[in-house]
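Take a look at the sequence and the structure, then read on.

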Amino acid sequence: MRRCPFFWCLPLAFCGLLLCQVVSDQLDPEEPQGQRPYEMVWANRKEPRPPTVTFSNLTGWKVTVTGGAVATLSVSRGENVWDRLVGKLTYRGNGDPNTQHLIRIEPPEPVPISDESDCVDMWVYGNRWDWENPPDTPPVFLYLEIVDRRGQKQRVLVHHVYWKTWWLCHRRIPAGSGRKWTALEVEGGWQKDDRTLYFDSITFYREPLPPLSFPARPKRNLTLFPGQSAGLNTGKGRLPFPTREETILPVNLEQSFRCSAEKRNGLVVFTYEGMETKNRLEYRIDPADLKAGVEVGWGKRTLGRLLIDGLVRGADGSQPSSPQRHWLRDGVLTVQFGQGARYLFRLWQKSLVVDVQWQQDASGSRPEGVEVSFGWIRFDGKPRTVYIPFITYGASNPVVLMVQDALPNGPVFVSQWLDWYRSNGSEPYAFSNGEITELGVRINGGVRYHPKTDGKRNDIYERFFITVSTEFEEVLPVIPNPKGLNAEKAVDRLWQESWGPADYQQEMKRSRLLRAYGIERLIQCNHEITWRDGGESFTLRLRAAPGKGGDQALIEYLKHQKSLGWYAGLYTNYTDFAPVNEHWNPDFVQRTSDGNWRHAWARCWALKPAAAVVFDFLLAPQIKKKFHPDSTNVSGYTDVHTAVPPWVYCDYDARVPGAGTFAQTFYCYGELLRNDSKVYGGPIFSEGTFQWLYAGLCDGNYALTYNGRPIAREPLLPVFFLREIHTKECDIGMAWTDWFLQGIPDWQKDIDQALDRFLLHTIAYGTLGWLIEERFGMERVVRSYYLLQRLQARYGLQPPESIRYWNGNRLVSVSQALYADLPTTRRQMLITYKNGLKVWINDYPVSPGEKPPPESLWTVKVRGREWVIPPAGWLAEMDGFFTYSALIDDRKVDYLEDLKGWKDQPPLLFADGRGQETDFGTLRTVGGVALRRLSKDRLEVMDALGKGQFGLKNPFGMKGKPVRCLAFSADDRFLGEIPIDERDGFISPKPVSGALRYVVHYR
């Protein structure tokens, strides 16, 4: 053992005094031998190059600390990555998070870095998962100190530690000659208890960048701009999306109209004339002064201007100068600038369609184009921005402008949408909720072009749609994707995530209990834990976690889950790429614009979209063949792809066709999702947030948005979702309970109201039910299943016929509702579907524990009587089907009758008195009871309370009298024949301990 003498060192200006700590080059004889990551063993991985520095011999090394840190560096065999000893850093702080803790590890002598080296690799074994955010293990940051030949120090941040396994850190380093590595610095770690990190090696090298070749993908199903690269999409066949050349062009509710273009007083005027409404909309453009924007007229009124100071900007901030010429031909205005810049304007329905082209100048006499901007809007009237749930850029949101008093009889709506199917850009941008300033209004930002790794930007090719209308629906984008291949198979099934499982046996036992309650129509997908035992990789896997029993255990588990009548599926994703994975190749990692690798989920780098689609086509068929040998009831969860915007996972690697364009990521991921549905043959789901881009390319997503805007607190405005997402795929819940409930302040004060709002939003947005978890009690689990399963079967994928809001006196249109702010203040709406289903929704805002005011109760007349729907209540009906969560005797109760049944499912009744005996007509009950008609003389009863507190009065019109009643337990044990009592015309079985299910025979 070598101990550094303790002495006071020279003070450092930024963190106080340095103190030497312990360095040990002796092994701990009691420390167990660590094993290499088994995936690296499977692949027989060899170290790609000799390391510059290892930590297997610490003779002469020095550790100093500041800020109250304590540290020991020793050689260790406790963790192993390349079959050699590693450095073990044990450290702690003084418990004060405000102290600047720093540990400095120095080699015996500065280590020369070769002049050609441009990056560094470090193998580090971490000690925390960021998503857990353990308060007892605060993150630490790893820095490398590099000194150049002039003695100038550069501090390179390698990473902050957010993993608990071996991970390969990678970073570009500053260029130069005569450089030396002088220290590794560990910053942070102020906790009082010891924590440990392991270091294997540091390697400085010049990154080899060989040419890359990826298979050509099918062609994009549209006509690109002349000269625009198709990226990877130059292969055989065509993708099934987009489904039309007009891509996202908004709908036009008026069927008879005329569009024209003419020159008038030096302007080019595009005119929309409605034959039915007599509306006249004009867009007036001065081709000689495009910076002034586009003037908008409605009838005889001038509303204002759009696109002020918008369109292309160069790298030097400049915009195209005066146009060389312009012409109007076949309804298209072309404005030509010098050296390749061109704008085209045309009118489709009420939308002004703008094409922008800016090609690079080979001579270098003009700057690269870096941005296309939507500019400013200035309209006469009071502006308000309307956030559209589920249309988001993540941190920002393109919104709709509502000018409240633009016209005498109501508002005007304005939208600006980028055509992401045609974009050649790197990253669209917007604002949190638009911007309303003295300069005007901005409701969408534009799109930026960033350099690729070769320093060059792509040529600009963009199309965007600007729409002005008095109808809100007419300013929303259409999503021109096909319907999910297997979405129809999901409409009548609820969803459950196993969140693992960590233990197959425990999960199977739990699942059998759920099935005993009649929960048959369920999709259960499993998360990444099925593939891993600890912190190893969880993607690009064909072999299941060894510690859980490996492949055979997983096969048997899936077989068991499907035997319950459920769809079951495995977790995959083709975005997260761990360096311990057997398929590891650094050339498959995405590059950011500066040439660095892009990091992803903890201990992972982001897999190139070009490689992702290749791996999916390779591995998905093998996963199905191996783990679903019967090919029945197969589902799947393809995580992440729709949760990260394609511009955030835009690969800037200039070696790959389509580099620097987010559209290339979009097309790769869209093809990949569609392929999973095709291969697995069952409904495939992804994570959601950007499903508005991908709608229908898989079969569903979690109905969530990672944008900091909880849906429970947003205006109840499902218009876009119902029209464009719901008709193409089956999204899941709102998404899961905890995600929704966190948007309700103090939801624990009234759990039933909070969960009812969760179910209500599920119904309002037309999504699949998320099966409420058992921790809320089995009565609520059962309620969520039976109230949703037959209802969602009828609204799933169905196009809405009308969406109207109740203003207290009458039903009004969406546009009128927005003008009166009804989606925020009353939140009461009627949705009718083209199949005849009508759904009344009441989400009147009432705080948990607050008594609902009288105006919050919505009385509707249905089936010859009045029903009172309270806040967090609903009612739905169509021929042979009726359900409500409404008031009876001033108490909220639940009821559903499906007298015709659904496909092969028998007729069903469900009722729940929520703790008090309630007469529902043919059924009287205290708790949740589900009745299924098995035949003309047999009835099955599921009693969620298990107390026999229910009575039957010839439900489903059963003929004759009940003569036998057989009781069964939750594990389907026969408990015997049970006597039948009669009271007030209702027959009830005599309560039997442990009885969950009864079969009643009539004669």
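Where is the place of Pro501? Pro501 sits in the loop between strand S35 (494–497) and helix H2 (504–516). Keep in mind throughout that this is a predicted model.

The peptide bond running from Gly500 to Pro501 is cis, with omega near -5°. Another cis bond goes from Phe241 to Pro242, again with omega near -5°. You'll find Pro242 in the loop between strand S14 (195–205) and strand S15 (257–264). These spots are worth a look because most peptide bonds are trans, and most residues other than glycine have a negative phi.

Gln349 isn't a glycine, yet its phi is positive, near 55°. Gln349 belongs to the loop between strand S23 (341–348) and strand S24 (351–358). Leu797 is another non-glycine with a positive phi, about 70°, and it lies in the loop between H10 and strand S43 (800–806). Is Leu797 buried or exposed? Its relative accessibility is 8%, so Leu797 counts as buried.

## Two helices side by side

Now for a pair of helices. Two packed helices are described by the angle between their axes and the distance between the axes. For helix H9 (residues 751–764) and helix H10 (residues 778–795), the axes come within 11 Å and cross at roughly 15°. Angles under 35 degrees count as roughly parallel, so H9 is roughly parallel to H10. The crossing of H9 past H10 is right-handed.

Which residues meet here? H9 brings Ile751, Asp752, Leu755, Leu759, Thr762 and Ile763, while H10 brings Arg780, Arg783, Ser784, Leu788, Leu791 and Tyr795. Sorted by class, the contact of H9 with H10 holds seven nonpolar, two polar and three charged residues.

## A four-stranded sheet

Next up is an open sheet of four strands, in the order S20-S25-S33-S30, with antiparallel pairing. Its edge strands are S20 (311–314) and S30 (427–429), each of which pairs on one side only. On average, neighbouring strands of this sheet are turned by 25° against each other, ignoring direction.

Look at strand S25 (residues 369–373) and strand S33 (residues 446–448): they run antiparallel and are joined by three bridges. Glu371 has Arg448 in S33 as its bridge partner.

## A covered strand and its neighbours

How many residues of strand S28 (residues 400–407) are buried? Seven of its eight residues are, which leaves S28 mostly covered. S28 has an antiparallel link to strand S27 (residues 383–386), joined by four bridges. S28 also pairs with strand S29 (residues 410–418), likewise in the antiparallel sense and over four bridges.

S28 and S29 form a hairpin, with two residues between them.

## A buried serine

One last stop: Ser677, which is found in helix H5 (residues 662–680). Ser677 counts as buried because its relative accessibility is 2%. What does it touch, if we don't count residues up to four places away in sequence? Ser677 touches Leu485, Asn486, Gly682, Ile684, Cys698 and Asp699.

Technical notes:
Residues numbered from 1 in each chain as written. Predicted model: local features only at pLDDT ≥ 70, side-chain atom pairs only at ≥ 80, totals over all residues. Heavy atoms only, no water. Axes fitted to C-alpha atoms, helices over the stretch in contact; angles between N-to-C directions. Parallel < 35°, antiparallel > 145°, perpendicular 65-115°, else oblique. Left-handed = near helix turned anticlockwise from the far one by under 90°. Contact = heavy atoms within 4.5 Å. Nonpolar A, V, L, I, M, F, W, Y, C, P; charged D, E, K, R; others polar. Pairing = 2+ DSSP bridges. Buried < 20%, exposed > 50% of the residue type's maximum accessible area, 1.4 Å probe, protein only.
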